Structure formats: C-alpha cells, structure tokens
Amino acid sequence: MGPSGMGGTSRARSVSGSTTLGTAPRARGASGSASGSAALLRSLFPLALLAPTASLHQPRPLLPRRPAVSSAASVRRAAALGGALTADPSTMPIYGGKPEPPSLAELRRMIPESAFKIDTMTSVGYLILDGAAVVVSLFGLHALLHSVFWLGLPLAAKAVTVAPLQLLAGFAMWTMWCIGHDAGHGTFSKSKLVNDIAGEISHSVCCLTPFHAWKLSHLQHHLNHNHISRDYSHQWFIKGQPFEPAWLEVAHATRNVQIPFFYIVYLLLGVPDGGHVFFYGKMWEGLPASDKQRGVISSAVSLATALGLWAALGTAEFGMVCIVPWLVMSCWLFMVTYLQHHSEDGKIYTDETWSFTRGGFETVDRDYGTLFNNLCHHMMDGHVAHHLFFSKIPHYGLKPATDGITAGLDKLGLKQALYKSITTHDFVQEVVTQFDRNWFFVEEANVVRECTYERCELVTDDSMAELAAELGLKGGEAQAATFHP
C-alpha cells in the first residue's frame with residue numbers, strides 16, 4: 001500500500017521499505033480525526049460490529065554464521081530442540097536489545113511435520129468455498145438492486161438496505177484474496193501450474209489484482225521484511241526528519257481518508273513498489289522479459305474482468321455491486337497488513353544489522369477472535385510463522401506451526417523476548433488509532449544500526465543463496481534473493 005498523511009510538527013525522510021513502528025507522539029489534529037475515521041471505517045469493515053469491544057529480484061536474508069557450541073547452556077538448548085545447536089546463547093549478539101533468534105533449521109524442528117503438508121484438494125476446497133461466497137454475495141447484490149422492494153425505497157433507505165450485502169461481499173473477496181496469497185507463495189499446491197491457475201482465479205478475477213505482478217512484489221517483501229530501505233509494500237519515514245518529496249506532507253495530513261484507496265494507488269500508481277497493472281517502477285528493474293510477459297497475462301485477465309462487468313452492469317450498478325465491495329476488501333487488506341507489521345516496540349534493521357529471522361520476529365501475530373481468525377485463514381494470528389516459512393506452510397498449517405514455535409521458544413526462555421502476539425478484538429478502532437497516531441513513521445531509537453557483538457557478520461549474496469535453498473525457492477524466486485548493500 002502506498003504512503004499517506006502527516007500530522008503535528010513531525011517531519012520525516014523517506015527510507016522506502018517496510019518496518020515496524022516506534023512510539024510516535026500523537027500528530028497535530030489527530031484527536032478529532034481518529035474518532036471520525038473510526039465511524040467511517042466501521043461502515044467499511046464487514047462484520048466489525050460483531051467483534052467484541054476491546055482495546056482496537058533483489059534481496060535474500062540469512063542468519064549470520066555463528067560460533068560452535070561451547071557451553072552447557074547451549075547443550076541444554078540443543079536438547080530442548082531435539083538436535084544440535086550452532087551457537088552458544090551466552091555469546092550470541094544482541095540486536096536492538098533482543099537476543100539472536102534461533103536459526104530456521106532450529107525453528108523448523110519446533111514445528112510438527114504435518115504443518116508443512118501442502119494438499120491440493122484441501123486448498124481447492126477452500127477456493128471453492130470462498131469463491132462461492134463471493135459469487136453468492138455479488139449475485140445477491142445484483143438481485144437486490146433489481147427487486148421491486150428496493151426500487152420502491154427512498155434514496156437513504158436504499159443505501160442502508162444495500163450496505164450489509166456490500167460489506168459481506170467485500171469480506172468474501174478478502175477471504176478469497178487470502179487463498180490467492182497461498183497460491184502466490186506456492187503453498188496452494190506443489191504444482192506451479194495449479195498455483196498459477198488458482199492465483200489467476202482468486203486474485204486476477206475475483207479480487208481484480210493482477211496475480212503475477214503482486215506475486216513478484218510480495219516476494220520482495222518477504223525476502224526483506226523489516227529492512228529500512230529494502231522492504232516492500234510500505235514506505236517508512238524516520239520521525240523528525242523532513243519530508244522528501246514535499247507532497248508527502250499533504251499525504252500525511254490527509255492520511256485517515258485515504259485508507260480505502262491505498263490498494264488502488266498501490267496497484268495502479270505504483271506507490272511505493274511500482275505498477276502492478278502497467279509495468280514501471282523498482283519492482284520491474286532487472287527482471288527478465290519472461291516475467292513481464294507473464295505479468296501481461298494477469299493484467300489482461302483483471303482488466304478484461306473489470307471491463308466486462310462494467311459493460312454488462314453499467315456504471316452505476318458496477319460501482320455498487322463491484323467497486324464498493326472491492327473497497328471493503330481493500331480496507332481489510334490494509335488493516336490486516338498494517339497491524340501485523342506494526343507494534344509500539346517494533347524494530348527495523350539496516351544492512352549492518354538485518355537478517356531474515358531478526359526481521360521475521362518483528363512481525364506481529366494479532367488475535368482478532370476465533371471467528372475472524374478462522375474465516376480469514378489465520379492470516380492474522382499465524383503471521384510470524386508465515387513470515388519465517390512463507391514458501392513452506394499453507395494457511396491451514398499456520399496454527400499448529402505457531403503453537404510449535406511458541407512452545408519451542410518458551411522452552412528456550414526466548415518467547416517473551418522474541419515473539420509478539422497482541423489481542424486485537426477491536427481491530428477497526430485499533431487500526432484507526434495506530435495509523436492516525438503513527439502513520440508510517442519509525443522512531444530513530446527503533447532503528448537498529450549496530451550490534452553489540454564484535455564478530456557480527458554481514459548478510460551477503462552467498463548467505464542469501466543459502467536462505468533461498470532452505471526456503472525451497474527455485475528459478476526466478478531464488479534469483480530474487482540477493483543482497484547488495
């Protein structure tokens with residue numbers, strides 16, 4: 001999603017890339033805008049009122065090579081994991097006040113093998129279920145707009161009557177987007193062809209999101225999560241530094257009204273990663289012609305779907321049946337993405353301090369309540385496990401994977417220091433409050449620029465290649481895992 005807004009006297013310099021959030025003070029004029037935005041967004045997030053009212057192809061990462069086991073403490077830690085360890089916890093580097101996370105191999109041993117099982121028929125079942133929800137809700141909207149009952153209502157009553165179906169249709173589109181998310185990571189099926197077909201159906205058709213372009217940019221996000229300048233999806237700004245370019249000050253000032261429109265800006269205008277419908281911007285730099293040719297197919301599918309529906313329904317009905325639910329879906333996508341990458345104590349890293357696992361453990365699991373966690377395929381409460389094993393675990397394996405990781409970290413005494421899970425039942429209020437107060441700012445104090453360990457090793461292309469192999473990335477995906485500080 002793109003940038004948005006500003007407030008207070010705070011100034012910021014773009015550091016392009018996604019990170020986590022500092023404890024930024026409330027921006028100027030924020031107190032009134034937050035409550036107004038909450039009312040607006042509650043109308044855009046379907047089923048939100050049912051939620052309990054509570055508090056609301058470039059980089060590759062790897063862990064630095066570590067010293068050999070040398071103490072009884074590390075032996076005990078290895079025993080808890082059921083295998084040998086590569087480091088002595090007493091000599092591990094400290095980054096931003098946090099201990100070095102276990103390696104991917106160590107983390108994998110914490111997770112039951114069943115969580116890594118990718119079953120095509122199970123995935124197809126979810127695709128059919130969510131696809132049916134999209135079709136039924138959209139056809140229901142279409143039928144309502146042509147009913148004698150609805151046509152006889154006053155204008156205000158028409159809007160009130162149609163809104164619940166629009167909210168449900170938008171929510172159904174969001175759950176379908178989650179299925180395409182699996183396809184983009186290769187966890188819908190072990191077959192690349194099946195993943196591509198599922199992605200085109202769920203994203204390019206149902207969500208009007210060109211699948212291949214999104215897949216490319218999203219891979220870069222995962223390979224660079226929480227790096228100050230290399231991460232994708234969110235721009236980041238150091239709080240207290242001037243806006244560059246100056247128009248970002250206007251974007252910050254109008255941040256709260258932009259939330260429903262971030263996704264269309266991201267896809268069409270290419271802020272900040274590059275165009276997903278028309279090909280320009282940093283995400284396309286250095287990519288082979290084959291990726292652009294494949295991207296043309298996805299863009300053509302999305303454009304043909306949108307234009308076909310527009311021609312069939314007419315402008316007014318296309319807007320009410322398709323565009324409004326699409327904006328609801330966009331709100332869900334922004335909300336979930338923003339909250340799972342932002343927390344008050346979140347850290348971001350530089351070339352000198354970043355690694356794949358450090359960045360992964362700065363993401364956040366959010367508990368939206370059992371109903372929403374399940375309907376949204378554990379996109380929120382299984383996000384840390386997803387970021388650590390994005391190419392390995394399908395959505396239906398995220399819950400047991402999360403349970404395994406948290407239990408393993410607990411045995412090692414690292415859960416409290418590394419793992420973040422926040423109960424967020426009042427998610428609409430939470431995203432409005434957090435975004436109004438913090439926008440895409442990060443405090444300088446939360447940027448980890450050095451480690452306290454004299455033998456820190458920088459991430460390199462070689463170590464990123466090792467990571468790509470460990471994650472099972474092949475072809476262009478593996479080539480995307482590079483690191484050139």
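The tour goes from overall confidence to a pair of helices and then to one histidine.

Start by colouring the protein chain by pLDDT, bearing in mind that this is a predicted model. The chain averages a pLDDT of 83, and 78% of the residues score at least 70. Now select residues 1-91, where pLDDT stays under 50, although the model has 344 contacts beyond four places in sequence for this stretch. Where pLDDT is low, the predicted coordinates should not be read in detail.

Next, select helix H7, residues 192-205, together with helix H8, residues 211-223, whose axes lie 9 Å apart and which pack at an angle of about 105°. Because angles of 65 to 115 degrees count as roughly perpendicular, H7 is described as roughly perpendicular to H8. To see where they meet, show the side chains of Asn195, Asp196, Gly199, Glu200, His203 and Ser204 in H7, which are in contact with Phe211, Trp214 and Lys215 in H8. By class, this contact of H7 with H8 has 4 polar, 3 charged and 2 nonpolar residues.

Finally, move to His276, which sits in the loop between helix H11 (262-269) and helix H12 (289-313). Is His276 buried or exposed? With a relative accessible area of 0%, His276 is buried. Leaving aside residues up to four places away in sequence, select what His276 touches: Pro210, Ala213, Trp214, Ser217, Tyr266, Leu267, Met283 and Ser299.

Conventions: Residues are numbered from 1 along each chain as its sequence is written. This is a predicted model: local features need pLDDT of at least 70, side-chain atom pairs count only at pLDDT 80 or more; totals for chains, interfaces and linings use all residues. Side-chain values use heavy atoms; hydrogens and water are left out. Axes are lines fitted to C-alpha atoms, for helices over the stretch in contact, and angles run from 0 to 180 degrees between N-to-C directions. Helices (H or I, at least four residues) and strands (E, at least two) are DSSP runs, numbered from the N terminus. Angles under 35 degrees count as roughly parallel, over 145 as roughly antiparallel, 65 to 115 as roughly perpendicular and the rest as oblique. Contact means heavy atoms within 4.5 Å. Ala, Val, Leu, Ile, Met, Phe, Trp, Tyr, Cys and Pro count as nonpolar, Asp, Glu, Lys and Arg as charged, and the others, Gly among them, as polar. pLDDT is the predictor's confidence in each residue, from 0 to 100. Buried means under 20% relative accessible area, exposed over 50%, partly exposed in between (1.4 Å probe, protein chains only).
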